[in-house]
Amino acid sequence: MTGASSPPGVPPPRGRLAERQAELVAALVAGGPPPAGFAPGPLAAARAALLRKRAGDVARHWPLLAAGLGSAWWPTFAGWAADRPTAGSLRDGWDLARTLRERNALPPAGAEELAVREAGQHYDGRGTPRPRRLPAVGRAGGAVAVQIAGRVRLLRPAPRPPAPVEGGAADAAGSTAWISD
């Protein structure tokens with residue numbers, strides 16, 4: 001009776017219940033197909049709410065990445081995470097930052113944050129990040145960080161585009177137009 005559904009009011013066999021729960025979890029957090037018997041509207045709403053909660057958790061662990069993306073944070077994260085099960089907020093942010101680096105879409109603040117993390121911790125993309133014991137260098141998007149004796153320093157910040165000044169000309173120094181004659 002593993003393939004048949006139970007009559008109304010009778011709980012399904014224990015093995016089948018576990019299968020249904022796994023299908024529901026996959027549909028909610030890993031982009032799996034909706035399980036039979038679930039209304040697509042409420043399921044999509046629950047999926048979106050869980051994805052927003054996950055984005056907020058990742059933004060708390062990777063604040064410079066989220067701030068660097070600004071209003072693009074939510075669509076960027078949602079597009080990246082929609083079909084991926086979570087590996088935890090720290091690892092999700094790390095994987096997203098690496099993906100953005102590969103696409104040359106990592107904002108300067110996110111590049112600095114990634115360089116500092118990679119200098120201070122070893123993360124292979126599968127296991128839990130762990131502190132580095134030996135000196136290390138982290139590079140991302142032009143940012144360079146170094147870790148020596150357990151201390152991480154950002155040696156070179158990521159390059160930023162020059163800020164525009166009044167009249168539309170770029171300011172080569174990157175300062176803002178509030179400095180006047």
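Predicted model: local features only at pLDDT ≥ 70, side-chain atom pairs only at ≥ 80, totals over all residues.
Numbering starts from 1 along each chain as its sequence is written, and side-chain values use heavy atoms, with hydrogens and water left out.

**The whole chain**
- Six helices and five strands make up the secondary structure (DSSP runs numbered from the N terminus: H or I of at least four residues for helices, E of at least two for strands).
- Along the sequence the pattern reads α-α-α-α-α-α-β-β-β-β-β.
- Of the 181 residues, 31% count as buried, meaning under 20% relative accessible area with a 1.4 Å probe, protein chains only.
- Among contacts (heavy atoms within 4.5 Å) with a separation of 6 or more, 44% come from residues 24 or more positions apart.

**Where α2 meets α4**
- Helix α2 (residues 40–61) and helix α4 (residues 73–81) have axes that come within 10 Å and cross at roughly 110 degrees; axes are lines fitted to C-alpha atoms over the stretch in contact, with angles from 0 to 180 degrees between N-to-C directions.
- That makes α2 and α4 roughly perpendicular (65 to 115 degrees).
- From α2, Ala48, Leu51, Arg52, Arg54, Ala55, Val58 and Ala59 meet Trp73, Trp74, Phe77, Ala78, Trp80 and Ala81 of α4.
- The residues of this α2–α4 contact split into 11 nonpolar, no polar and two charged (Ala, Val, Leu, Ile, Met, Phe, Trp, Tyr, Cys and Pro count as nonpolar, Asp, Glu, Lys and Arg as charged, the others, Gly among them, as polar).

Definitions and conventions: Parallel < 35°, antiparallel > 145°, perpendicular 65-115°, else oblique. Buried < 20%, exposed > 50% of the residue type's maximum accessible area, 1.4 Å probe, protein only.
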